[in-house]
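I opened the notebook to look up charged contacts and aromatic rings.

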Amino acid sequence: MGRAFEFRKARKMKRWSAMSKAFTRIGKDIVMAVKEGGPDPDSNSRLRAVIQNAKAVNMPKDNVERAIKRASDKSLGDFKEVLFEGYAQHGIAVLIETATDNNTRTVANVRSYFNKTDGSLGTSGSVVFMFDHTCNFKIKGDDLDLEELELELIDSGVEEIFEDTDEDENGVEHTSVMVYAPFESFGKIQAYLEENNIEIISSGFERIPQVTKKLTPEQAEDVEKLLEKLEEDDDVQNVYHTMEESVD
C-alpha cells in the first residue's frame, strides 16, 4: 500500500475526529461554500460535498439547513482560509489550515501555541513544500471492482484506491473505498462518481507528508503538546505534521 493508505490508517486514531470539532469545521465549510457558489447544492458542487461530509458525521439535517440559511445572510462576515507553517520541537514541520473571520486573533493564538511549546512559527512557504496536497473520496464499495475503477479514473490523476473499514456506534464494521488523487483532480473525480451513480459518503482535502521522522516517546510527547493546543482552537480546521505516527 502507498503513503495515502498509511496516512489514513494513522489519522483515523487522532483526537481531531471528535464530533463537536467536526461540526464546527463543517459549519465553517458550509459558510465558505455558500459564499463562493450560492445556497443551492444542485448548482454548487463544493456545497454538495460539504453536505455529504455532514451526513457522514451524523450532523443533524436541521443544523445543516440552519448553517446554509445563516451563510446566505449578507451581513454575516466571511471566513478566510489561512495557512500557517512552522516547526515543533525536534525538527517536526507543522502545517495548520485555519478558517477565520478575525485573522489578527488567529495569528496571535497560533503564535502563542508555538511559543509556549518551544516551537517556532515560520514564514509562508517554509514547510508547505514538504506535504503533498491531495483530495480524497470515501465511496460505497458494494459491487465495485477496484481495479476497473482505478483504470477509469487514471486519467483524472488518481494515485491510490484501497478498501477502508469503519466501526459504527454499535461496533459493526462497514467497508468502503478510499480514492486519493492530487488536489486539482477533485472536480473531475466528483463529476465521474456522480455521473456513474457511485455513492459518495464523504470527500475532502488532506496534506500528506512526503517524509516522516521517527521520535522517541518522550520527544513525541513534546510535539503532542503543540498539536493538542492547535487542534483545540476553534479557528483551526486541520493540523498536519511530519512526525511518524503509530498505526497500531
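Entry 1. I looked up Arg46 and found it partly exposed, because its relative accessible area is 23% (buried means under 20% relative accessible area, exposed over 50%, partly exposed in between, with a 1.4 Å probe and protein chains only). The side chain of Arg46 meets that of Glu81 in a salt bridge, 3.7 Å from N to O (a side-chain nitrogen of Lys or Arg within 4 Å of a carboxyl oxygen of Asp or Glu). This pair links distant parts of the chain: Arg46 sits in helix α3 (residues 45-56) and Glu81 in strand β1 (residues 80-87), 35 residues apart. I took helices (H or I, at least four residues) and strands (E, at least two) as DSSP runs, numbered from the N terminus. Glu81 is exposed, since its relative accessible area is 54%.

I note the basis here: this is a predicted model, in which local features need pLDDT of at least 70 and side-chain atom pairs count only at pLDDT 80 or more, while totals for chains, interfaces and linings use all residues. Residues are numbered from 1 along each chain as its sequence is written, and side-chain values use heavy atoms, with hydrogens and water left out.

Entry 2. How many salt bridges does a search of the whole structure find? It finds 11. I looked up Glu97 next: Glu97 forms a salt bridge with Arg207, with the closest N and O atoms 2.7 Å apart. Glu97 is in strand β2 (residues 93-100) and Arg207 in strand β7, 110 residues apart, and the pair links distant parts of the chain. Are Glu97 and Arg207 buried or exposed? Both are buried.

Entry 3. I then looked up Asp101, whose side chain meets that of Arg105 in a salt bridge at 3.0 Å, N to O. Asp101 is partly exposed, because its relative accessible area is 49%. Arg105 also counts as partly exposed, at 33% relative accessibility. Through salt bridges that share partners, Lys28, Asp101, Arg105 and Asp235 are joined into one network.

Entry 4. I turned to the aromatic rings and found 6 aromatic pairs in the structure. Rings of Phe, Tyr and Trp (its six-membered ring) pair if their centres lie within 6.5 Å; planes under 30 degrees apart count as stacked, over 60 as edge-to-face and the rest as tilted. Phe162 and Tyr180 form a stacked pair, 6.0 Å centre to centre with 15° between the planes. Phe162 belongs to strand β5 (residues 160-167) and Tyr180 to strand β6 (residues 173-182), 18 residues apart. Phe162 and Tyr180 are buried.

Phe186 and Phe205 form a tilted pair, 4.8 Å centre to centre with 40° between the planes. Phe186 lies in helix α7 (residues 186-195) and Phe205 in strand β7 (residues 200-209), so this pair ties together parts 19 residues apart in sequence. Phe186 counts as buried, because its relative accessibility is 12%. Phe205, at 33%, counts as partly exposed. One aromatic cluster is formed by Phe137, Phe183, Phe186 and Phe205.

Entry 5. Last, I looked up Glu148, which is found in helix α6 (residues 146-153). Glu148 is partly exposed, with a relative accessible area of 48%.
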